[in-house]
Amino acid sequence: MPTSTRFTIWRPLATALAATAALLATFLAPATAQAQTAPRESQPVYSYEHAVREAVWVDTRLDGDGDGKSDRVAVDIVRPREPAQRGRKVPVIMDASPYYSCCGRGNESQLKTYDANGRVVQMPLFYDNYFVPRGYAFVGVDLAGTNRSDGCVDVGGRSDIQSAKAVVDWLNGRATAYTTRTGTQKTKADWTNGKTGMIGKSWDGTIANGVAATGVKGLKTIVPISAISTWYDYYFAQGAPLYDSGPDWLSDYVDSPDARAKCAAVQQKLVDQAPRTGDRTPLWTERDYVKDARKVKASVFLVHGMQDLNVRLQHVGPWWDALAKNGVQRKIWLSQTGHVDPFDFRRAQWVDTLHRWFDHELLGYDNGIDREPMADIERHPDQWVTSKSWPPRGTSATTLRPAQGTRPGVGTLGLSRARGTETFTDDPALSETDWTARIDTSTPDKAGFTTATLTGDLRLSGASKVTVTATPTTSTAHLSAVLVDLGPDTIRDYAASGEGISTLADRTCWGPSTTGDSACFKETRAKTTAVDYTVVSRGWADLGTYADAGKGVPLTPGKAYTITLDLGATDHVVPAGHRLALIVAGTDKDLIDPPSTRPTLTIDLARTSARVPLVGGAAAFAHATKGARTAVPQKAGALDGVRAPRTAHRVPEGG
């Protein structure tokens with residue numbers, strides 16, 4: 001637990017050493033006594049001030065920068081001194097990142113700093129401060145092409161993943177490391193038992209996913225926070241571009257000066273093999289970790305914001321389902337925030353849960369965390385519920401069908417198939433907030449369909465699919481499908497600059513500090529806003545990918561095409577008194593880029609539907625709408641929501 005910044009009081013070193021001796025006595029006790037006194041929680045018995053701080057360079061066995069020499073990646077290590085002195089080996093918590101020198105980590109954008117001998121002084125984030133005194137080593141890896149590492153950044157490809165995998169191999173005695181970047185003196189990780197847990201937010205968590213998908217031995221668990229599971233889905237949504245640039249821009253953003261001078265060939269490959277057409281190429285296949293989920297041996301503790309418009313929820317559902325199919329031990333937290341670390345939206349509970357997770361996975365403590373509910377879900381700001389499994393048992397995909405209403409573009413949503421059509425014209429100047437604000441008004445830019453006012457709660461849990469049959473007037477067209485909870489609520493303001501949090505001046509401390517590395521971080525609180533509606537889930541596609549999700553083709557004006565859009569996973573309760581809405585429209589401003597033309601699309605309602613994961617299935621929907629009458633707008637004029645999405649991020653970072 002933290003103390004306020006005023007000060008954190010830690011036990012004197014002598015007391016800590018005494019506690020260490022007692023702990024060692026436990027480890028050396030006979031098996032029977034050991035079973036009776038098995039520890040359930042690691043304690044801060046080691047000195048952080050006197051921890052070993054060292055740097056090594058691990059040979060990746062790649063030559064990404066083409067200089068004729070095998071690339072070495074820099075590995076900064078903070079580990080407790082006392083275990084090695086007593087012949088005890090420790091496990092490792094590792095964060096492999098491209099951001100340690102260019103952009104910073106965490107809410108305060110911390111960078112690595114070094115002393116005159118090149119040893120790390122400030123290791124960003126709280127992991128080393130908190131876990132090193134508890135008997136873990138913390139390892140911060142500079143991805144190839146960043147900070148003090150050789151090689152080139154290839155944005156989730158072989159070089160990125162091998163940067164971190166080689167370190168896991170070294171920790172387990174299977175790779176070579178050197179004491180300097182260019183020298184010949186080798187060094188072994190004889191202080192560790194090789195058991196490694198990887199953690200990180202955004203790109204860092206993505207690397208954890210990718211390394212786990214190699215099946216590397218020694219990696220026991222990963223904790224990916226707001227992480228990518230397939231890089232294609234970071235840049236495209238079924239062929240529709242999410243950004244006006246590709247991975248070459250991102251690589252250049254994080255490259256070290258040395259890498260920029262050597263990596264022109266890698267940069268050009270990222271241009272040539274990632275066409276802006278949205279076609280899937282071998283480059284994207286290499287960066288798809290979901291396809292290799294069968295290789296994952298590590299347990300997975302996944303954390304994501306349900307309103308993350310940077311690393312979107314499309315990265316959660318397929319990865320989670322693939323891991324489940326492979327029988328991977330899993331745990332998940334889903335918050336109301338955007339791209340935010342749990343340290344900044346649920347700090348005390350996060351540190352406690354992460355502590356118990358690593359104790360269980362890396363130290364083998366039977367603390368019961370594996371028997372606790374699988375999912376924690378933020379239902380309202382700072383109000384959490386749990387779910388024994390996720391999605392919960394009894395959840396089934398239920399087909400909801402749109403139907404015409406009494407006015408153009410203002411229809412109904414229910415279980416019965418309907419006939420008829422609706423027509424809208426793509427307006428790239430409008431977004432999901434514009435469409436929803438006028439859901440009960442005929443507008444030329446969208447088709448909206450709502451249930452009657454619910455008489456009971458309706459829970460959506462998982463990923464939805466929306467199938468649309470559309471006839472375009474031009475040779476290109478983009479589609480958006482949005483599920484919305486229509487009704488008043490107070491939610492985290494995920495569209496504000498903090499994406500659902502406000503940063504305060506007060507600090508709390510999470511471990512001991514040194515002169516150069518403070519364990520005290522600024523506190524946060526939920527930033528909330530009152531709304532008339534909440535966007536529940538979204539999906540996008542280029543209609544030209546109707547036949548092949550990996551390749552788009554020109555459309556024939558006047559011809560009908562059927563396509564299924566994958567919406568992001570979520571867990572949301574639409575309460576009684578609210579309505580559930582489906583919106584089908586064109587370009588979602590600042591979330592996808594517009595097509596080269598501005599089509600008008602006619603939707604065939606008989607061949608359009610939404611497959612929504614409802615707890616209780618169709619029976620739950622029927623119950624929640626039983627006795628409901630035709631919906632009446634709950635507010636005259638436009639509905640209020642969060643502000644329109646900002647220009648989309650192009651950097652999956654956490655600073």
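Colleague: Where does P391 sit?
Modeller: P391 is in the loop between strand 17 (383–387) and strand 18. Do keep in mind that this is a predicted model.

Colleague: Noted. And what is the peptide bond from W390 to P391 like, cis or trans?
Modeller: That bond is cis, and its omega is near -10°. As background, most peptide bonds are trans.

Colleague: Which residues other than glycine have a positive phi?
Modeller: Among them are N147, with phi near 50°, and D382, with phi of about 65°. In general, most residues other than glycine have a negative phi.

Colleague: Where are N147 and D382 found?
Modeller: Both are in loops: N147 between strand 7 (137–142) and helix 5, D382 between strand 16 and strand 17.

Colleague: Is N147 buried or exposed?
Modeller: N147 counts as buried because its relative accessibility is 18%, and the cut-off for buried is under 20%.

Colleague: Let's switch to helix 8. Which of its residues are buried?
Modeller: In helix 8 (residues 247–254), those are P247, L250, S251 and V254. They span an arc of only 100° around the axis, so they lie on the same side of helix 8.

Colleague: Nice. What covers the buried residues of helix 8?
Modeller: The cover includes helix 6 (203–212), helix 7 (232–235), helix 10 (264–272) and helix 11 (282–286).

Colleague: Now the inside. How many residues are in the largest nonpolar core?
Modeller: The largest nonpolar core has 98 residues, and W170, M198, W203 and W231 have the most contacts inside it. Helix 5 (residues 158–171) contributes the most to this core, with seven residues.

Colleague: What is M198 in contact with?
Modeller: If we leave aside neighbours within four places in sequence, M198 is in contact with M94, A96, A164, I207, A208, V211, L219, T221, I222 and V223. Apart from the core of 98 residues there is another core, of 37 residues, including A51, V132, L363 and I501.

Colleague: OK, on to pockets. How much space lies in the largest one?
Modeller: About 670 Å³. Its lining has 35 residues, and nearest the centre are P318, A463, K465, D566 and L567. By class, the lining has 16 nonpolar, eleven polar and eight charged residues.

Colleague: Which elements supply that lining?
Modeller: Strand 12 (236–237), helix 12 (317–325), strand 18 (395–407), strand 22 (458–462) and strand 32 (609–615) each supply at least two residues of the lining.

Colleague: And how many cavities are there?
Modeller: The structure holds four cavities of 30 Å³ or more. The largest cavity has about 140 Å³ of space. Its lining has 14 residues, with M306, Q307, Q336, T534 and H572 closest to the centre. That lining divides into five nonpolar, five polar and four charged residues.

Colleague: What about the second largest cavity?
Modeller: Its volume is about 70 Å³. Of the 13 residues lining the second largest cavity, L313, Q314, S537, R538 and G568 lie nearest its centre.

Colleague: Which strand gives the most to that lining?
Modeller: Strand 27, with four residues. Strand 27 (528–542) also supplies at least two residues of the lining of the largest cavity.

Notes:
Residues numbered from 1 in each chain as written. Predicted model: local features only at pLDDT ≥ 70, side-chain atom pairs only at ≥ 80, totals over all residues. Heavy atoms only, no water. Buried < 20%, exposed > 50% of the residue type's maximum accessible area, 1.4 Å probe, protein only. Arc of directions from axis to C-beta. Contact = heavy atoms within 4.5 Å. Core = buried A, V, L, I, M, F, W, Y, C linked by side-chain atoms within 4.5 Å. 1 Å grid on protein atoms, 1.4 Å probe; cavity = no way out; pocket = protein on both sides within 12 Å on 5 of 7 lines; lining within 4 Å. Points joined across faces, edges and corners; volume = space filled by probe spheres on them. Nonpolar A, V, L, I, M, F, W, Y, C, P; charged D, E, K, R; others polar.
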